[in-house]
Amino acid sequence: MGIGGLKVLALPVGLAVSILLARTLGPEGYGQYAFIMSVVTIISLPINQGMRQLMTREVASYHHGAEWGLLRGLLRRSHQWVLFLSLIVALVLGTVAAFNASWEISDRWTLLLIGLLIPPFLGLNALRGGALRGFGNVVLSQLPELLVNPALHLTIALSLFAFGLLNPATTIMSQALAAVVALMLGTYFLYRKLPRQLHDTALEYQSGKWIRAWIPFTLLMAASQFNNQIGILLLGWLGTDEQIAALRVADRGAKLVIFSLGVVNLVIAPHITRAYRDANRHRLQQLSRQSSRAALAIAIPLALPMIFFGGPIIDLVVGSEYVALSVAPLAILASAQLVNVAFGSVGMFLVMSGFERDTLFGQLVALACNALAAIILIPRFGAEGAAYAAAIGLLTWNFILAVKFVQRLKLRPSIF
């Protein structure tokens, strides 16, 4: 209920940001911003989502077993990894971008240089969020990123708009500043919640084990994020900025359908690890069934209006210039996400039970299907083709993971 309430508070803020940018920047400018943020998301994967999942699982395990030396060592080593990898990414891509940039607001290489300010803060935020989640502080783990970051981003963007300074470049700068403030707040929360036993415990490291776990986590999240971003990335190559904006608008709307699934995933993740470690199959089945029911009950009334009445919704929210571009992609993606919710948290159960390699396999197969379909469909159908490709990848992923869920956990991935 706590994380659900937080997401409810964050939802209008996130929508307000998307609406402001879509209306103010227009399809072309919003498409440029969306493309750069997709690139930033992809290059941040090793230090962001992959590290977050590793931290949640390992912190929950060490905290549950009172292994304080390993817990302290993990916190220190993970910070070292994030800072080192951030530096490598900034040096390599920054050099390439600076060499090719034309130093204009609409130039993608110039915008990428600005975007490279963001990954280090995303990585450090991921460490704090993952650790807090592993300690069981789910609400605090998400507060900086779910609410503070978008709220500050909205405030800065509104200020820029009021002075006529809002453009793709300043919007990315606003995103970077919001990430810095979110990091400061996350640091404060983590410091307050660290167990007292850590202060008097000698450091212990299992760097080899952590790297071996981090690699599949990163590959898993990379496949997941590529599945989410491949449409925009390929539209940047095969399509236009307007088509990127159309897909971004549709994707933002369809993401509301999985709002409830995201809530239950955040809540149940550490509980899955503990129940699996205790060999409590009854608890695992109970978590699966109850979380699936709750997620689907909320998703259905959100999805149906987008599937059948997308035109008026898009016109009202982001303007008439997006209706013809986004109505079909919105219906396609909302339908696919509804099916996604119906499958339940199969991926989270496998990952938090130690079967991330099975989840990675499903993601890679889905990514291959998504990318192949996108390459075939985008040149002919544009944003609509990218939406069909994303739906194909999403359905493929869920089917494979449902089979693995039954094989590995001997449980039913359903509401029954």
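F355 counts as buried, at 18% relative accessibility (buried is under 20% relative accessible area, exposed over 50%, partly exposed in between; 1.4 Å probe, protein chains only). The model is predicted, so local features need pLDDT of at least 70, side-chain atom pairs count only at pLDDT 80 or more, and totals for chains, interfaces and linings use all residues. Residues are numbered from 1 along each chain as its sequence is written, and side-chain values use heavy atoms, with hydrogens and water left out.

F355 forms an edge-to-face aromatic pair with Y276, with 5.9 Å centre to centre and 80° between the planes. Rings of Phe, Tyr and Trp (its six-membered ring) pair if their centres lie within 6.5 Å; planes under 30 degrees apart are stacked, over 60 edge-to-face and the rest tilted. The pair links distant parts of the chain, 79 residues apart. Y276 is in helix α10 (residues 259-277), and F355 is in the loop between α14 (346-352) and α15 (356-381). Helices are DSSP runs (H or I, at least four residues), numbered from the N terminus. Y276 is partly exposed, with a relative accessible area of 35%.

The whole structure holds 5 aromatic pairs. Y188 and F189 form a tilted one, at 6.0 Å centre to centre and 50° between the planes. Y188 is partly exposed at 43%, whereas F189 is buried at 12%.

Charges also sit over rings (NZ of Lys or CZ of Arg within 6 Å of the ring centre and within 35 degrees of the ring normal). The charged end of R77 lies over the ring of Y205, 4.0 Å from its centre. R108 lies over the face of F35, 4.2 Å from the ring centre.

T171 belongs to helix α7 (residues 168-193). T171 is buried, at 1% relative accessibility. Leaving aside residues up to four places away in sequence, T171 touches L21, L25, Y33, H153 and L166 (contact means heavy atoms within 4.5 Å). G164 lies in the loop between α6 (138-162) and α7. G164 is exposed, with a relative accessible area of 63%.

How values were computed
Helices (H or I, at least four residues) and strands (E, at least two) are DSSP runs, numbered from the N terminus.
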